[in-house]
Structures are given as C-alpha cells and as structure tokens.
Amino acid sequence: MRIEQAEISLNDIKVYAYHGVLPQERLRGAFYLVSLHCQISSPDEVINCVSASDNVADTINYADLCSIVNEEMAQPSNLIETVTSRIGRRIIKAYAAIARLQVTVKKLTPPVDADCANAAVTLTFVQ
C-alpha cells in the first residue's frame, strides 16, 4: 500500500490587520481569516519518513506556516490579492516539499454597500 496524496491544512487563522484602499481601513483595521492547503510532493516518501522519525523537522511545520501568515499580514497592503500572493510565494520558497499550495484570505465585513460576510481571494501556487 502507498500514500497517493497528503495535504497539510490550516483553516481560518484569525488575524487583525490593516489592509485596504480606504483610509479608515488602514486606520481601524479589520479581522481576516487565512486558510492554507499544502499538497505534499512525493507523499508516500515524505509521510513514511515522518512516520518513522516522528520529528517535526521532517515535515511542513504548521507553526512556521502560521508565523509566515502573521508576518505577511502585519505588512499593510491596499489589496488582499497582494498579501495573499506574498504569503503564497514565501511559503512555496520555504518548503520544497510542497507541490501545490492554495492560499485564501478573507476580509470579514468588507466596506461594501451590502450585507456581505466576507470578501475573499484564493490563489493556487504550483512548484
């Protein structure tokens, strides 16, 4: 038996940040939810190695992923497309074991003239 696919996900990391085009968005800030889905390349090899070693250094450390998200979200941007791209590019660069990465950034209660739960951008990166 072999492992065909493996994914490490972090869902709805809640972050307070100051992104937006409008001055009040940059002044007051807003809550955001960030989700990551990391598809592992060579999953059978990677998971067998991790299972044998039981060592976090042999896998994609989700605590490190959270740190990247927090650091990138702390840098204000006009657009959530920009911050989503920064997060994805930094993670892909840091982890050669990621074959495919999907990053979603949701801005809760966006400043639009509608009852809208969130505005979101999802980008998919492939190595």
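**Sheet, helices and core of a predicted model**

Ser42 lies in the loop that joins S2 to H2; helices (H or I, at least four residues) and strands (E, at least two) are DSSP runs, numbered from the N terminus. The model is predicted, so that local features need pLDDT of at least 70 and side-chain atom pairs count only at pLDDT 80 or more, while totals for chains, interfaces and linings use all residues. Residues are numbered from 1 along each chain as its sequence is written, and side-chain values use heavy atoms, with hydrogens and water left out.

The phi angle of Ser42 is near 50°, a positive value in a residue other than glycine. With a relative accessible area of 44%, Ser42 is partly exposed; buried means under 20% relative accessible area, exposed over 50%, and partly exposed in between (1.4 Å probe, protein chains only). A positive phi, near 55°, is also found for Asp54, again a residue other than glycine. Asp54 belongs to the loop between H2 and H3 and is exposed, its relative accessible area being 70%.

The four strands of an open sheet follow the order S1-S2-S3-S4 and pair in the antiparallel sense; two strands pair if DSSP finds at least two bridges between them. In general, strands of a sheet pair through backbone hydrogen bonds, either parallel or antiparallel. Because S1 and S4 stand at the edges with a single partner strand each, one side of each has no neighbour in the sheet. On average, neighbouring strands are turned by 15° against each other, direction ignored. The antiparallel pairing of S2 with S3 runs over nine bridges, and the bridge partner of Leu36 in S3 is Val103. Helix H4 packs on the sheet, where H4 touches S2, S3 and S4, and its direction makes about 30° with that of S4. Axes are lines fitted to C-alpha atoms, for helices over the stretch in contact, and angles run from 0 to 180 degrees between N-to-C directions; contact means heavy atoms within 4.5 Å.

H4 also meets H3: the two axes come within 9 Å and cross at roughly 145°. In this contact, Leu65, Ile68, Val69, Glu71, Glu72 and Met73 of H3 face Val83, Arg86, Ile87, Arg90 and Ile91 of H4. By class, the contact comprises seven nonpolar, no polar and four charged residues, where Ala, Val, Leu, Ile, Met, Phe, Trp, Tyr, Cys and Pro count as nonpolar, Asp, Glu, Lys and Arg as charged, and the others, Gly among them, as polar.

The largest nonpolar core has 31 residues, and Leu36, Met73, Ile87, Ile91 and Val105 have the most contacts inside it. Such a core is a set of buried Ala, Val, Leu, Ile, Met, Phe, Trp, Tyr and Cys residues joined through side-chain atoms within 4.5 Å. At least two core residues come from each of S1 (7–17), S2 (30–40), H2 (43–53), H3 (62–73), H4 (80–94), S3 (98–108) and S4 (118–126). The most are given by S2, with six. In soluble globular proteins, nonpolar side chains tend to be buried together.

Two residues illustrate these surroundings. Leaving aside residues up to four places away in sequence, Leu36 touches Ile8, Ser9, Leu10, Leu65, Val69, Ile87, Ile91, Gln102 and Val103. Ile40, in strand S2, counts as buried because its relative accessibility is 5%.
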